[in-house]
Amino acid sequence: MLQYLLSRLLRAAVSIVMVVTFVFVVLRMSGDPATVIMGADAPPEAIDAFRKAWGLDQPLWVQYFAFFEAVFSGELGRSMRDGRDVVAVVLERVPSTLALTIPAFFVNIAVGIPAGVYAALHRNSLIDRCVMVMAVTGFAVPSFILAMLLVLIFSVTLGWLPSAGQDSWRNAILPIATMGFGGAALLARFTRSAMLEVLGQSYIRTASAKGLPWSAVVWRHALQNAAIPTITIIGFMLGGLVAGAVVVESVFSWPGVGRLLVVSVANRDLAVVQAVVLMIAMTMVAANMVVDVLYGLVDPRMQGQARAARR
Amino acid sequence: MVDATSSPAGTGGSLITRLLSRFATGNRMPLLIVIAILWLVLMLAIAVSADLISPYRFTQMDLRNRLSLPVFMGGSWRHVLGTDELGRDVLSRLITSIRMSLLIAFGATIIGAVIGVTLGFVAAHFRGIVEQAVLALVDFSAAIPFLVLALAVLAFFGNSLVLFVCLLGFHAWERYARIARGLAISGKTHGYAAAVHQLGASPWRLYGRHILPNIASTLIVSMTLAFPEIILLESGLSFLGLGIQPPDTSLGNMVGFGREYLSSAPWIMLAPAFVITVTALCVSLLGDWLRDRLDPTLS
Amino acid sequence: MSGGTAELLEARDLARSYMMHRGFLGRTTQVRAVDGVSLSLSRGETLGLVGESGCGKSTTARLVLGIEPPDEGAVTFDGTAMPRSGTSNWAALRRRMQMVYQDPLQALDKRLTIGAQVAEPLDIHRIGTSAERRERVAAVMAEVGLQPHHAARHPQSLSGGQRQRAVIARALVTNPDLLVCDEPISALDVSIQALVLNLLMDLQERSGMGMLFVSHDLRAVRQISHRVAVMYLGRIVEEGEPDAVLQDPAHPYAQALVSAIPHPGKTAARVILQGDPPNPANRPSGCAFHPRCPVATATCRTEVPVLKPRRSDGRRVACHVAHGEAAPARAPTMLETC
C-alpha cells in the first residue's frame, strides 16, 4: 500500500513538473517574457525589475529553475488590466466557481447514478429508453448550446429566471442545470453499463438462486460491485466540470475563474492566463491523485490497474 | 478454420470489403444508422459544393433586410433561414460554416491520429526511456482538460487558422498513441510482426506495411469516436470568440455571434446549433455502431 | 554427411537469461533459459533439438538466428560472427537464414495475400526484377505443393497444412543456407504432419541447406535428423546419431523421454520421472536433472556434469553415471532389459 501511495505521488509530481515546463516553454516560445507578462507599454523600470526577478539575463536552465521557484512561491506577475497580483486576482474568483461546480457535481451524482441504476434494473423499459436518449443527447449537445436553449426557454420566453449576472441565488440555477446535465448524462450511461455487467455475473445469479430477495441482491451485491468502476470516471468528470465551467461562466456572465480565463485570453492578459492554467492543472493533478488513492483503498485488487482502467 | 471464408465478419480482407459486406447484407443495419449516414452524406455534399449551392456570398450584406424572419416563422423566401444583424443570409453563412467546421474537424482528426500513431509506434519500437517519456506525455495530457490547454496556447500565440487546426489535432492524440503502442507491442512479441522482422524488414516496412494495416480498423473506430468531440471543441472555442475569427465563419462562431440576438432573433443561433448537435450525434452513433461491429474490444 | 570445409553454423557456450517480474512492483528473478549451449551444423545436415517445453529449445533457435543477442557465448555463421539484431548487416543476412514457425496462422499477416507474403523476402532484399520475382514465387509455391490460385488467398482462408506450406515457401524463396524450424508440425493435424515432414526432407535434400529442427516430437526428429541433441533446463545433455540416441539413450533423462513414446505391441515399462517438473527460475545445483533422476548420486547434487564423449562408444553425454564417474544409486533402470 505504501508503495502504491508513493508511486501515485511520484506520478503526480511528474505531471506537475510537466505542467510547469509546458507553461515555461510556451511562454519562452511566444516572445520576451517580460513584455509578454508585463505588457508592451509597461514602464521600463518595471520591466527591468521583472527581468531581474525572473533572472532573464541568466542562461536558460537557470531561468527554468528560477521559474519553478517563482511558481512555488506564488510570484506569477501582475495583471495588465489593474496591476494587481495575479494570484490574488485568481483566488478571489475561486469561490464563485466553486459555487457552481460543487452543486453541479452533486447534481451529476444525484441524478446520474440513480437514473443509470434504474435503467439497468428495468432494461428496455420506457424509462430505460428515455435515460439512454438523454444520455446520448447529453453528449451531442454542447454545453454552450444547452445553456443558450435554457436561456431562450426560461429567461427569454417564460421570464422565470435571470440570464446573466450574480445578483441572487436564482442566477445560479441555469448554470448549475447546464453543467449538471452533461455530467449526469455521462454518469447515467456509465452506471447503466456497469450495472448491466455486474447483473450478468454468476455471483448475482447465485445470490438470487439462494433465495435472497431481489432488492437485497441489488443492494448488497450489485450496487457495491458496480460502484467500483463508477468511481474511476469521477476523476474524468472533474475535468469535464472544469471545461464546462469555462464555457458556462462565459455564457451566463458569471464572474468565476473560467470567465476570467476566457476574458484574459481575449485581452492577452498573459500573467493571468498563466496563473489560471497552473492553478487548474495542479488542482486536476491533485484531484486525480486523490481519486486514485481512494480507489486503491476501496479495492486493493485494483491498485495496479486503477490508472489503466480510467484511461 | 476452413469455413472462415464463408464468414463476412472474418478478420481478413480490407475494412472496406468488410463494411461493404455489411451493407450488402443490408437488413442488419439499424434504421438510425441509415439516417445518420444519410445526414453525414448530406453534410459532406454541402461542404463540397458550398460555393455552388449557397444563394448569396456569406459576407454579402442586405442592409434593408436586417434580422428578417426565416420562412417557417413567417419570413419571405428571399432569405429562407432569415438574415442576421447585418442582413447577411443565414442559410449562406450556414453552408459556408459547415464547410469550415468539417474541414477543421477532418484536418484535426487526421493530425491527431498521425501524431498519436507515430508516437505510439516510436514508444513500441524503442521501449525503455523513450517509451516512458511518451507515457508521461500521455499522463500529462490525460490529466488536464484539453480546453484549458488550448486556451493557454491561443492566449500566448494568438490565432491563425493553421495554428488552430494543429492545436485541435492534439486533442485525443494520447488515445491513438495508447492504442498504437499496445497493438504494436503485442504484434511484435508474437506472431506476424516477429516473423517479418526475422525476414530482415526495415522498421518502416514493419510498421507501415504490416502493423498499421492490422490496427487500421481499431484506429478508424477511434477516429470516428473522436471526430464529434473535435466538432464540439471547435464550436466551443469559436463560440467563446477564441477560435475561427471573422470574416471567416464556423458553426460555433455563428452561435457565438447569434447569442447577442438571442431574444430578438433566435433563428441566427438555432440553425447552426441544430447542425452541430445533429452532426455530432450522427457521427457518434455511427462510431458506436462501427465499434460494436468491428472492434468490440475497444471500450 | 557433413559437406563443406567450414561449418555453416557454430554456436559456442550460448547463455541467455530473462528477468521475470512477480506481482505489482514485486521482486525480479533471473531465469536462465539457455545455459551454456554449444552446437554446430554443416551444409546439408539436419540437427534435431529435442526436450520438454520450457527447456530452452526455442530460445536457442532465436539465439542461433541472432534475433536476440546471447548474454554469453557467440554465434558464427559461415565463418563470420553474427551481427547485432536490427543492424543492416544482420538484416542482409536474413536472406541466407530463414525460419519456420509453430503456428503458421500467427506467423502470417492476415491482411496480405499469400502471394504477397511469399514475395516479401524478395522485396525486402531487392532480389530480381518484378517479373523475376513473380516467376520465383510461382516456382517456390509449386515446390512446396501450393496451387497457383492460392497466391491470391488470405491466410485464414487456407487450411493449416496449406498455411504451413506458405510459411515454408516464404522461408525458401531466397534460397537460404540455413533453415530453422521451431516446432513446425506440432500445431498441425496428425494427418498433415507427415506430409509437411516429408516436404521439409525433400526440400533439404534438393537444396542442400542446413536445418535446425526444434521439436518435442521424438519420432519426427528421428525421421528427419542426421544428428540429435537432447536439451534439459537450458543445457544439452546428450548428442549423437538419431538411431543411437533415440534407441539406446545414455542419459537418464533421454531414457525417460524415449520410454514415453508409445510403441504398438510393445509393453515395456516406462520410466516415470519423479519430483517436480523443471522450473528454470529455480535451477537445482549440480546436475539440473538430479532431483528427478532415478540413478542420481551425491556427486550429481554438487558437480555439474560436462558434455563429452563416452569412453566406450564416443557418445557425447553430460552425466556422471553414464561416464562411470559415479556409481549409480540403484540398478540403472529397467530400460536395459527391454
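The crossing of helices α4(B) and α5(B) is left-handed, a crossing being left-handed if the near helix is turned anticlockwise from the far one by less than a right angle, and right-handed if clockwise. The model is predicted; local features need pLDDT of at least 70 and side-chain atom pairs count only at pLDDT 80 or more, while totals for chains, interfaces and linings use all residues. Residues are numbered from 1 along each chain as its sequence is written, and chains are lettered from A and ligands numbered from 1 in the order in which they are written.

Helices (H or I, at least four residues) and strands (E, at least two) are DSSP runs, numbered from the N terminus. The axes of α4 (residues 90-126) and α5 (residues 128-143) of chain B come within 7 Å and cross at roughly 150 degrees; axes are lines fitted to C-alpha atoms, for helices over the stretch in contact, and angles run from 0 to 180 degrees between N-to-C directions. The helices α4(B) and α5(B) are therefore roughly antiparallel (under 35 degrees counts as roughly parallel, over 145 as roughly antiparallel, 65 to 115 as roughly perpendicular and the rest as oblique). L119(B), V122(B), A123(B) and F126(B) of α4(B) meet G128(B), V130(B), E131(B) and V134(B) of α5(B), contact requiring C-beta atoms, placed from the backbone, within 7 Å. This contact comprises 6 nonpolar, 1 polar and 1 charged residues; Ala, Val, Leu, Ile, Met, Phe, Trp, Tyr, Cys and Pro count as nonpolar, Asp, Glu, Lys and Arg as charged, and the others, Gly among them, as polar.

The antiparallel strands β10 (residues 235-240) and β12 (residues 316-317) of chain C are joined by 2 bridges, and E238(C) stands opposite V317(C) in β12(C).

Between chains A and B, 40 residues of chain A are in contact with 37 residues of chain B. On the side of chain A that touches chain B, α13(A) provides the largest share, 8 residues. By class, that side of chain A has 31 nonpolar, 6 polar and 3 charged residues.

How values were computed
Contact = placed C-beta atoms within 7 Å. Pairing = 2+ DSSP bridges.
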